[in-house]
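Q: I have a new model open on my screen and would like to learn how to read it. Could we go through a metal site and then a cavity together?

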Amino acid sequence: MADEKAVELEGITKRFPGVVANSDIHLEVRAGEVHAVCGENGAGKSTLMKILYGMQQPDEGTIKVNGELVRFRNPSDAIKVGIGMVHQHFMLADNLTVLENIVLGAEGLHGIGAKARKKVAELARRTGLNADLDIALEYLGVADRQRVEIIKVLYRGAKIVILDEPTAVLVPQEVDDLFETVRQMRADGFTFIFISHKLDEVRAIADTVTVIRRGTTVGTADPKTISSRQLAEMMVGSELPSPETRESTVTETAVLSASGLRLQEAGSARAILDDIDLVVHAGEVLGIAGVEGNGQTELVETIMGMRRSTDGTVSLSGKDITKLGTLARREAGIGYIAEDRTRHGLLLTQPLWANRMLGYQTREPVSRGQWLDIAGAKKDTRRIVEDYDVRTPGIEVAAAALSGGNQQKLVVGRELSGDPVLLIASHPTRGVDVGAQALIWEHIRQARAAGLAVLLISADLDELIGLSDRIVVMLRGRLVSEEDPATVTPEDLGCAMTGAPREVKS
Amino acid sequence: MTAGIADSPVAGPVTMAVPPKRRKIPGWLSGVLWAVGAIAVLSTASYLTGNSDLTSSTTTQTALRLALPILLAALGGLWAERAGVVNIGLEGMMILGTWGAAWGSYHGGVWVGLLVAILFGAIGGLLHAIATVTFGVNHIVSGVAINLLGLGITKYLAHLIFEPLSGNPRQSPVVPKFDTYSATGLTNWLADLETQQRVVLSDVAGILRGLLTQVAPLTMIAVLLVPISYIVLWRTRFGLRLRSCGENPVAAESLGVNVYRFKYIAVLISGGLAGMGGASLVLLKDGADYLENQTNGRGYIGLAAMIFGNWRPGGLAAGSALFGYTDGLQLSGRGPAVLALLYAAVLLLVIVVVVQLFRRKWFAAGASVLAAGLLYAIYFSVDELPRDLTPYAPHFVTLIVLAVASQRLRMPQADGFIYKRGQGS
Amino acid sequence: MKSSLRAKLLPPALAIIFSVLLCTVALLISGDNPLDAFGAMIGQLGRGTTAVDTINSGAVYYIAGLAVAIGFQMNLFNIGVEGQYRFAAVVAAIVGGGVVLPPVIHTLVIIIVAVLAGALYALVPALLKVYRGVSEVISTIMLNAIALGLIAYLVSTDAFGVQVGNNIGTEPIPESGWMPGIPMGTGTLFGFVFIAALVGAGYWVLLNRTRFGFELKASGESPTAATAGGVDARKMVLTAMLLSGGIAGLTGLPELLGRDHEYLQTSPAGYGFAGIAVALLGRNHPGGIALGALLWAFLDKSAVSLDNVGVPQEITTIMQGAIVLSVVIAYEIVRRMELAAEQRRVGRQLGRDTSDIAAGGSV
Amino acid sequence: GCAKDSGGGSTTPPAGGGTQASGCKFSPVPSGGSGGGGASSGTPAKVDASAFKVGLAYDIGGRGDASFNDSAAAGLDKAKSDMGVKETKELTAAPNETEDAKQSRLRQLAGEGFSPIVAVGFAYAKSVEAVAKEFPNVKFAIVDDDTVKLPNVTGLVFAEEQGSFLVGVAAAYKSKGCHVGFVGGVNVPLIQKFEAGFKQGVKAAAPDAKIESEYITPAGDFTGFQDPAKGNVVAAGEISRGADVVYQAAGASGKGVFEAAKGKNALAIGVDSDQYNQKTVENSKDVIITSMLKRVDVAVYDYVRAVAGNTLSSLPKRFDLKADGVGYATSGGKIDDIKATLDAYRQQIIDGKITVSDKPSN
Ligand SMILES: Nc1ncnc2c1ncn2[C@@H]1O[C@H](COP(=O)(O)OP(=O)(O)OP(=O)(O)O)[C@@H](O)[C@H]1O
Ligand SMILES: Nc1ncnc2c1ncn2[C@@H]1O[C@H](COP(=O)(O)OP(=O)(O)OP(=O)(O)O)[C@@H](O)[C@H]1O
Ligand SMILES: [Mg+2]
Ligand SMILES: [Mg+2]
C-alpha cells in the first residue's frame, strides 16, 4: 500500500502570457500520505494544483492517478476519479445557502433535498461545522467557511484531497482541529496534498515535502528530518527570517487613543464594537489578536473613518478626529495597510503610479491643489519600487500584473510615504512569501524606531508576538485581555482569543 | 466598467457583521400578507373616496393585461441576471418577439405565433450570449446593440414581408388572436357581489373577477411562469447550477459546472421570455398585431420591475403588477382614479408611520408623516391632477415606492461580470 | 501593457467591414443593389449640406456620449441623459425666449440655465441613490418618462408654450441669444461644435489631470478601495451624476442655439439613448466618443440618401447595431490574438532562457 | 366551470353601464339643403401635368400607413393617372430624425428637379421654409401647415373640426345612452381640433348629451399614436363610464379603441380615411359606423392640378366641407338612416350658419 502512487505528475509545463508558471514539474504522491508542496509566492504551486484538478490544462506533461493515465478537460473529470480541492481563495457563493454551496455540482449524488441535507449534516458533524445549513454563506466566519470547503470535497467522495494554503486564515486551535481531521482521514485512507507557507505546519503534518522554485521542482525531502531553515533555503536560497523585535522604542506620547468606542448596526441589538479603549504610543507596536470576525476589521475601519462609530471618541496626537472623514484622517497622519489589498488597497487595472496616489490624492508629491502631479507620482513610485524591492517590469504596468507579495510591498511603501504618525497594519504579510515578509517586517521595525505608532492586526501569531510591544486580545467586539509578547506563547494567545479557559501553568 | 450595472458603488465595508437572520415567515406567505394589506388599503380608499375604479374588475383586468408584457420581460431579465448576464437587450428581444408572433400567427395560428415569438426572442438571446459569454463583451454594450438590431431587423423584415400583405410597412396584417376563457359560474357570482357595493367584499370580488374573466392561455402561461421560474431556479439542481453562475462562476466551475452552458441556456430562456412578452402585445384579444415601436420601452420597464423585485420572481411580479395596475388605473379611470390612489398612498403612509413608531425609528416615522401630510394636502387641495402628468402615474408610483421602501436589494454577486473559463484566482 | 496602434485601429475597421457585409446580405435578400446603397452613403458627404450636418449632429451625439461616459466612469448607468437633456433644452428655450439681454450674455445665460436644469433633473436619481439606495437604472428610466409629462406641461399654451400653426413650442429665442455658426457651402457649421470639442477636452483634463477625476475613476474601478483611500462614495455619486446631468443639459443646445431657436413639441428625441451607444462605441474615451459620434451621425444621415435611392432606410439602424456589437467583439478577438502571439513568443524564448521569464513573483 | 368566451364578449354587461336610456333629446334638425355634395366645382377641365416631376416627402410612416401619408399617396396616384405626371419620387421620414434630415430630403428632391414638392405633415414647416428659400423656382406645398409665408409655398390645411362636427352629430344620434366619447392619441393642437368639432357637433344635436374626452398621452409623447393597448384601455374606461359611441383620433392606437368598442358592445367612429374599409382594423369593422374623412388626397391632387394648370390662387385657403376637404364616410350603411340630418348640418356649416371652433371649449 505504502508504495502505491496516488498521483504522478510528469513533465508538467504551463505557460501564461508573459509567465511560465510551471516548467517540467515532477511530483509523486503516495496513496495515504500527506504530501506538502512548498515554494515562494508565484512559484507555481496553485497552478500545478489547478492542473491536477482539471481547472487548467497543461501545455505539456502527463497526469497519472492511481497508476492510470488521465486527461482532465474540466474539474468534473478530476472529481470523477476522486480528486477534490480546497482552493487558496474561498470558492464559495456568498448568496447561496451553506447547503447549496456544498451540493452544487454534485446534485447527482443525493439530489438537493432531504437526502442531501442528511448527508451534509453528517459530514458537518464530522468536521465540526455548527452552522445552520439554510443560512446564506456570507454569515459564516472563515473557519466555518474552510469547513464548508472541506465538506464540499468529502461530499463528492474524493479520496485525494488538495489543500491549497488552508491554514492562512486560521488560528492555532483551528489549525490543530484541521490537522486532527486530516490525520484521522489519512488513517481512513485519504491522500492529501497540502500547501502552506508556514514551514512548521508543514513539518507537523506532512509525510513528504516537495519544494518548487520558479516553476520547477527542486527536490523532495522528509519533513521529519529537515529543519525549517533548510526548507526555506531550498525554497528561496536564503535564510528564514523571523519577526523578532529588538530593543523597545516605546515612548510616553500617546498617538492614537480611542475611548468608549462603540459600533452598532442599525436595527441590530448586538454591538459589533463594545466599549473599546486603547492607546498606541509613539514608537510602539500594539498588536491586536483575535479570531477573525470578532470585530478587528470593524475596529480598524472605524478608526479609519470608513464606518461611523455609534459612540465614543478617537483622537490622534491629542486631536479629536471622531468627526472627520477617512481622507481627513489620512491627512492627519494615518497610514493604512488594509487587510485585503485587492479590495481595499489597490486599483487593479490602474498603473502602479496611479496606485501611488490612492489615499494621497490631496498631498504632495502626487498632487498640487486640485491638480494631479503625474510626474511627481511617477517619480515617487520609482522610489518605492526601488526602496521596497517591488519586482515589476515598470511603473506603467497595471497593479494586477504584480504578484501578491509585490503588490503588498507597494502598498506598504505607499503607506509609509506620507510621513504618518500612525500606521494601521492589517495582516501586512498575509499570503506573502518569506522573502517579502522579511522585507515588510524590516520596514515596520524601522518606522517604529523612527517614532511611528503602529496598530498591528494579524492572524499570524508568530508575527504578532514577534513584532508587538503589547498585545491586546479581542473577543466578540471587546478587548478582553492584554498580553506581554515577551512571555506569551501562541497557544496561550489562541486560548484567550477563543475565550477558552487557559491551562494553569505550573 | 467591469461590473456592468453595479448596484451600489456606495461602498459598504467588507465584513458581514449582521448575525444570521432567520426568515420567520416564508416568502409566499409574506406575499399573501402584502396582497391582503394592499387590498385592504385600496378598498378602504375606494370606500372613503367613493371611487370604485380602485378595485373594479375592469381595473384588475386591465392591470393584468398591461402588466403581462412587463412581467414577461422582467422574468426574462431574471433568468439572465440570475446566471450573471445583465440583459438590457430585453427591449430588442421583445421587439423581435412581436414580429415573430405576428408572422407565425399569420401563417400558422396563435400557437405557432407564440412559438415563433419565443424563437425570435431566443435568437436575440443567442446573439447576446455569443457576445457576452463567448466573447466576453461588456453586457451593456451588447444589450444596447441588440436593442438597435432588434428594431432595425424587424423594421426591415416588416418592410420586406408584411408590406405586401398589409400594404403597410409598419404593420402586419390582422393575425389570429388567442381565445379567452372565463370561469363563468364563479365570475357571475363575483359580478353579483361586486355590484352589491359591499365594503371589502365587493372590492375583493371585483379584483378576483378581473383576474378570472377573459383570460387567454398566454396570460395563464405567463402568470404560471412566475411560480415555475421560482421552482426551477430555487428548487431544482438545474436552477442551483444556473444561479451559481450568477453568484460565483469560478466556484461553480471548480465544482464541475459548465458555466458557459448554463449562461447560454439562461440567456436563451431570457430571450425566449422577452419574445413571449412581445407576443403578449400581439396575440391577445384586442392585441395590436405587429406594429412598429409598439413595445414603447416596456423592455426597460421590465428591467426596472426586475430590479424593483430584488431579482426574485415574486418581487418582480409585484413590481409588474404595481406598474400595470397604476397604468391601467390612470388610463381607464384617469385623474379621479389617480387622485383616489393618492388617497390610498396617504393611508399606506399612515400605516408605515405606525409601524415605524412601533419599531422606534423616529426619523423614518417623521419622514413618513411629512410625506403623508404632503400627499394629503395635494389630495385635499386639487380637484384634478395635471392632465399632462397623470399618464406617468405608474412611473411616479414606482419611484415613490422605491424611495419609501427600505432598500435591501441584492443583485446576484457576479451579475454583469465577465467570466472566462480557467481564469479564476 | 500599452496596446499597440494595430490593436486600437484594427477592431473598428473589422467591425465596419463586418457590418457592411451584414448589410450587403440583407440588401441582396431584399433585392436591392448594395453598391448603389453604399455609393449613396459615401456620395452623400459631397452633396448638399450633409457633411456639415454630420458634424453638427455629431456634436450633439458627442455631448450626449460624454454625459453618459461620465457616469460609466464610476459604474453609474445614467440612462436618464435622455430625460435630462430634453428637460434642460425646454427650460433653456423658455428662459432664452423670455429674457432680453445683450448678445453673448444672453447666450451664456441660456447655456448656464441648460446646465443647471440638466443637473437639477439628475439630482433626483442622485439623491435617491445616495440616500435611499434606489438603483439609478430604475429611477432614470422612470424619470425619462416623467420628463415627457413635464415638457408637455411646460410647452403647453397654459404654461410657456405658443402655438404656431398646428405645432406648439416655446417662445422663439431672440437673435441676441443665438450662437453664430460658420457658413460652409450651403450649410452652416454650428458654433456649438467648438463648445462640444471644448467639453470633450475638459472631460479629458478632468478625468486624467485632476484630483476629482482620479477619485471618480477610482470609485468606478473599486468602490471599496476608493473608500479606503478617503474618497467619499456618496459625494462622488452625487457629483458624477450632477456632472453627467449638467453635460446632458448641453445636448440640446447646438440645435437650439444654432438653428431652431425654439423648442417644438415635435423636436426630435432619442439623443440620450444614442449617447449611450456612442459612449460605449468610444469606450468612454473622449477621442473614441468623437469618432463614434461622427460615425453615428453619418449613419443617421445615410437614412435620407438610402431612401433616395430606394433602399430600405432601416439598414442604417441595423448597421448601427451591428457596428456597436462587432466593434467590441473585434476588440476582444484582436486582444486574444495578441495574447496568443505573446504566449507563443514566450514559448519560443523558453527554449533558450527559462529562468528569466519564469521568475516567480513578478512578470 | 370555465368557458370559452364567445366572440362578442357576452359575459360583460352591455355598454352604457347603469342608465340604458333610450337616447338623447335632439335639437331640431336645421332645415335646408339635403342636397348632394357642395363641392362639385363643375366638370374639371383637362389638365396636363406630363411635364412635371412631383416629389412627396412623407412624415414618419410613409405610404401605406393607413393614415394621412397614405391619403397623400392616394392623391399622388390619382394625379399620376389623371394628369400623366412625368415622374414621381416619394421619400419618408425616419422616427426621431433631426431637422436637417428633413431639409436634406427636400433639398434632394429639389436638387433633382422635382417640382412641385409636397411635404406631408406640419413637422416639415421649418424645413420647407428653409429649403423653399434656397429654391425659389421650385413649388412647395405643405400639408397641415399654413405658417410658411413664401410665394412658392402653399399650405394645405383642413377644417378637421368641421368633419368632426358631423361625426359628432352622428354619434349623438347613434348613442343609446346619450353619452359619447372621444379618444385622442396625443394632446396636440391638431388633435384638439378633432375634439373641439366633435364636442360641438354632439352638443349641437343633443345639448344634454354627456361627453367623455381623453387623450392617451400629452403633447410631445408621441407614443400615444403608437399604442393600441393603451388606446383600448382608455376607450374601455370611457365606455365603462357610460359612453357608447367613441370617436377616435389616435393614429395606430385607434385600433385598440375599435376593439374596446367591439368588446364592450359599443360603437366607434374612425378618422382620416374610411376606416370601415381598412385592412388593419377589419376585425372590428362592424362597430365602425362612420369615419371622419380628412381628404389629404383631394388636397394633394388639387394642388398638383393647380400647379399644372397655373391656378394656384384658386386653391382653397382651407380644405373644409365646402371644398370637400373633410367629410364623413358612409361605408357599411350604418348611418344611412340619419344621412339627411347630417347633410342638413353640413349645409349649415357650408353656408356659414354654424361656425365650428377649432379649440375645445372647456
Ligand atoms: N490565470 C493566470 N494567467 C496568467 N498568469 C498566471 C495565471 N495564474 C497564475 N499565473 C502566473 O503563474 C505564476 C504562478 O502562480 P501560482 O498561483 O501557481 O503561484 P503560487 O505558487 O500558488 O503562489 P502563492 O504561494 O502566492 O499562492 C504566477 O506568478 C503568475 O504570474
Ligand atoms: N486573470 C488573469 N489574467 C492575467 N494575469 C493573471 C490573471 N490572474 C492572475 N494573473 C497573474 O497572476 C499573478 C498573480 O498571481 P497570484 O495570485 O498567484 O500571485 P500570488 O503571489 O500568489 O498572490 P497572492 O499571494 O495574492 O495569492 C500576476 O502576475 C498576474 O499577472
Ligand atoms: Mg497565489
Ligand atoms: Mg497559490
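A: Gladly! Keep in mind that this is a predicted model.

Q: Is Ser46(A) buried or exposed?
A: The cut-off for buried is under 20% relative accessible area. Ser46(A) has 18% relative accessibility, so it counts as buried. Gln88(A), with a relative accessible area of 30%, is partly exposed.

Q: What separates the magnesium ion (ligand 4) from the magnesium ion (ligand 3)?
A: The distance between these two ions is 3.3 Å.

Q: Now the cavities: how many are there of 30 Å³ or more?
A: The count is 14. The largest cavity holds about 100 Å³ of space.

Q: Which residues line the largest cavity?
A: The lining comes from chain C and includes Tyr85(C), Ala89(C), Leu256(C) and Tyr271(C). By class, six lining residues are nonpolar, two are polar and three are charged.

Q: Which helix gives the most to that lining?
A: Helix 11 of chain C does, with three residues. Helix 4 (81–98) and helix 11 (253–260) of chain C each supply at least two.

Conventions
Residues are numbered from 1 along each chain as its sequence is written. Chains are lettered from A and ligands numbered from 1 in the order in which they are written. This is a predicted model: local features need pLDDT of at least 70, side-chain atom pairs count only at pLDDT 80 or more; totals for chains, interfaces and linings use all residues. Side-chain values use heavy atoms; hydrogens and water are left out. Donors are N, O and S atoms within 2.8 Å of the metal (3.2 Å for Na, K and Ca); water is not among the atoms, so sites may look incomplete. Buried means under 20% relative accessible area, exposed over 50%, partly exposed in between (1.4 Å probe, protein chains only). On a 1 Å grid over the protein atoms alone, a cavity is a set of points where a 1.4 Å probe fits but cannot get out, and a pocket is an open set with protein on both sides within 12 Å along at least five of seven lines; lining residues have an atom within 4 Å of a point. Grid points are joined across faces, edges and corners, and a volume is the space filled by probe spheres set on the points. Helices (H or I, at least four residues) and strands (E, at least two) are DSSP runs, numbered from the N terminus. Ala, Val, Leu, Ile, Met, Phe, Trp, Tyr, Cys and Pro count as nonpolar, Asp, Glu, Lys and Arg as charged, and the others, Gly among them, as polar.
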